[in-house]
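Please look over the strand pairing in the structure shown here. A short briefing goes with it.

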Amino acid sequence: MPRRRQRPVAGSGSDGTEDSDSSADREQTNSSESDGTAAKRQRLTRASMRLSQSSQDTPDLKPAGDHDESPPLTPTGNAPSSESELDISSPNASHDESQAKDPAGRESDKDLSHRPKRRRCHETYNFNMKCPTPGCNSLGHLTGKHERHFAVSGCPLYHNLSADECKVKAISREKQEEEMKGQDEGNSRHATRHQTPTSKQSRYKEQVAEMRKGRNAGLQKEQKDKHVEHRQTHGNTREPLLENITSEYDLELFRKAQARASEDLEKLRIQGQITEGSNMIKTILFGRYELDTWYHSPYPEEYARLGRLYVCEFCLKYMKSQTILRRHMAKCVWKHPPGDEVYRKGAISVFEVDGKKNKIYCQNLCLLAKLFLDHKTLYYDVEPFLFYVMTEADNTGCHLVGYFSKEKNSFLNYNVSCILTMPQYMRQGFGKMLIDFSYLLSKVEEKVGSPERPLSDLGLISYRSYWKEVLLRYMCNFQGKEISIKEISQETAVNPVDIVSTLQSLQMLKYWKGKHLVLKRQDLIDEWKAKETKRGNSNKTIDPGSLKWTPPKGT
């Protein structure tokens, strides 16, 4: 092929335009040297291109004692798929730069286009980090989708499994999900409205009931000895043995939830939203309880990096050490939350705390709640909210049981913005008491209320259970022939949308001849009556007569 002659580059002025006079003079004086200069520049450019290509093809030489021979791993445990995943800067960067320049000391634009772009990593990954579980080599992952892990949440050994078992379980879970997806796609849109279960669903329900029959049989002596020996051998470095504690069906559901949670944590860790082992409060000392945290809370970094926090159970002030907490408790004059006590029955009290008047207390309450709530995003902007704090009193003071927050002026009539029961008081009926109290306030306000979405997993379970109990109680006491969802909503202060969804889940709503009919299922009502009788006169109920509260007129 004929050589393409390269034209000499014309000089440019400081304003970016071509200097015509100087170029004309050079054309007159250097016309005889133009061909030689172009050829020389062409040879230099080709030589620099060869040097740049050879520097990219030749691997960087590493000292034997400084780096491993294997490529660095990404946080997922795999080798990086592209150069953009890692910081390109290395001890050999100066060597690459020297080869990218031509002999005249200039760096050509064509060479720069072939060089990888440098990007400063926002997070420094320690590629030599290792899983903290004793005896673990960091291979495998609980989800079965990754080759390596660096946290206890994804460690197969901690969960008494192997990497191969995790892969097999992942494959079986994917097959089940594909089958369920195919079944959902096969059902038409109108078929899902029929409340009568299909024959296949009925058979599956019978199979689940059969598998769950032996879950309350209890452990035999040999099995108990095996569990105790496992705990004595490994302590807290391994998960307790779960076999024979419950049915295989429930155990498999738990394993699926573990794998899904581990996958979500892995995604958050890759995105840099959480970092395992740093800036994460693991436990808090709260009163006479030591509580393990569930989620990250944006406490100040100097407190979060300690991993253990000491919190005053009355004023909710957080401290760094037990000594500071002990000195604080000797001087703290608080024995109950600030604000007005609007409810008291027995040892249970509820205090109304204004976020504008008691800003520091409400902010500390939100930071504490975030340790146990996943969807909570409000920490510091507490002025537009009222906080209703439930406490249980003894001779030392009023201890925090739980709380819910409520907007002072809610456009959508939300009666709850955020709700929490402290872990030490869960599964004791206090969550339903908080929900019932929120609807009692809505009744006094003569409004229909509903919780703000999205709800946490535990919150959704509690609300569904509460709505079911309210509807069954209403059905039990109802003596008429025709029932109206609007009337139910007005009497219970529950939103009609929540009533309809609950009736559908209980299979008590049917579409017939162009009308929606509410079915009175006596079997569910009898079951609810039996539970109420078994529960007896429990003090875990809200008494409307003990409420001393008037709706706030304005903010």
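The model is predicted. Elsewhere in the briefing, strand β6 (residues 348–354) has 7 of its 7 residues buried.

- Strand β1 (residues 283–286) runs antiparallel to β2, and 4 bridges join the two.
- F286 has Y289 in β2 as its bridge partner.

- Strand β5 (residues 340–345) pairs with β6 in the antiparallel sense, over 5 bridges.
- The bridge partner of D340 is E352 in β6.
- The hairpin leaves 2 residues between β5 and β6.
- G346 sits in the turn and has a positive phi of about 65 degrees.

**β6 and its pairing with β7**

- β6 also pairs with strand β7 (residues 385–394), in the antiparallel sense and over 7 bridges.
- Opposite V350 stands M390 in β7.

**Burial of β6**

- Side chains in a regular strand alternate between the two faces of the sheet.
- In β6, I348, V350, E352 and D354 point one way.
- S349, F351 and V353 point the other way.
- Residues of both sets are buried, E352 and D354 among them.
- Because 7 of the 7 residues are buried, β6 is largely enclosed by the rest of the structure.

Methods. Residues are numbered from 1 along each chain as its sequence is written. This is a predicted model: local features need pLDDT of at least 70, side-chain atom pairs count only at pLDDT 80 or more; totals for chains, interfaces and linings use all residues. Side-chain values use heavy atoms; hydrogens and water are left out. Two strands pair if DSSP finds at least two bridges between them. Buried means under 20% relative accessible area, exposed over 50%, partly exposed in between (1.4 Å probe, protein chains only).
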